[in-house]
Amino acid sequence: MFILGDARLPLAVRKNLSHYGQFIPFYTRKLVYDAISGHPDIFFCSGDRQLVVAPNLPEEYLQLLKNNGISFQTGNLPAENRYPHTARYNAVITSDFIIHHPQITDKRILETFTDKKLIAVKQGYVRCNLLHLKEDLFITSDKGIEKALKKEGLQPEYFSPEGIVLPGFSHGFLGGCLGLYENKILITGSLSHYPEGDKLKQFIQKKGFQPVELYDGPLFDGGGLLLL
């Protein structure tokens, strides 16, 4: 298995991820603004064993997909330097839903996942703010997303983004610190450094998951962890 994560993740995080698969440092140059230039969730939309990737995804990552037989579709429009064009691929796909801002979503995503209902939200950075755990259960750091999912009868649990590190900004987003591997929630930091860490840990364990803290430091928003 390959795990794509921001090349700037703390070294301890990258080393510990190697226990679960081959870590692939992800980074782009001058395609989007620097703070998110290494974030996989800006260039990849993943769901149902299918990927939609931005057409300006650097060639080395396209070759990784091709050389390892990983199925993907190429999107219509590139990830660009300013919001909302940075967020075209930042949707969350579940077995039943596409969750995204419909005025931003690249059309290839809608064409690829035609069997799913679109849940419209006002936040473009959905994957940055949302992790789907199972069935109707989610973790989010965005109140608007929380409200939209509750309207659909789903179960999102809100946690504040305050205290999450994203260099260049006052804080990052919680979804960008998380990845899901079997029943483990991989966390790019220690919950002891996160103001709502105890609450999040208790929630994760109560729902039957195991929190895996990848280093002893603040939660680092690296655009999520993409497991292929």
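Strand β3 (residues 44–47) and strand β4 (residues 50–53) run antiparallel and are joined by four bridges; two strands are taken to pair if DSSP finds at least two bridges between them. Strands (E, at least two residues) and helices (H or I, at least four) are DSSP runs, numbered from the N terminus. The model is a predicted one, in which local features need pLDDT of at least 70 and side-chain atom pairs count only at pLDDT 80 or more, while totals for chains, interfaces and linings use all residues. Residues are numbered from 1 along each chain as its sequence is written, and side-chain values use heavy atoms, with hydrogens and water left out.

An open sheet is formed by three strands in the order β12-β13-β14, with mixed pairing. Strands β12 (178–181) and β14 are the edge strands, each pairing on one side only. From one strand to the next the twist averages 25°; axes are lines fitted to C-alpha atoms, for helices over the stretch in contact, and angles run from 0 to 180 degrees between N-to-C directions. Strands β13 and β14 run parallel and are joined by four bridges. Lysine 184 has glutamine 210 of β14 as its bridge partner.

Helix α7 (residues 197–206) lies across β13 and β14, and runs at about 135° to β14. The buried residues of α7 are Gly197, Leu200, Phe203 and Ile204, where buried means under 20% relative accessible area, exposed over 50% and partly exposed in between (1.4 Å probe, protein chains only). Seen down the axis of α7, these buried residues fall within an arc of 130°, so they line one face of the helix; the arc is that of the directions from the helix axis to the C-beta atoms. Asp198, Gln202 and Lys206 are exposed on the other side of α7. The cover over the buried residues includes β9 (130–134), β10 (137–140), β11 (155–158), β13 (184–187) and β14 (210–213). Glycine 208, which follows α7, has a positive phi near 90°.

Glutamate 146 lies in helix α6 (residues 143–151). Glutamate 146 is buried, with a relative accessible area of 12%. Apart from neighbours within four places in sequence, glutamate 146 is in contact (heavy atoms within 4.5 Å) with Thr140, Pro156 and Tyr158.
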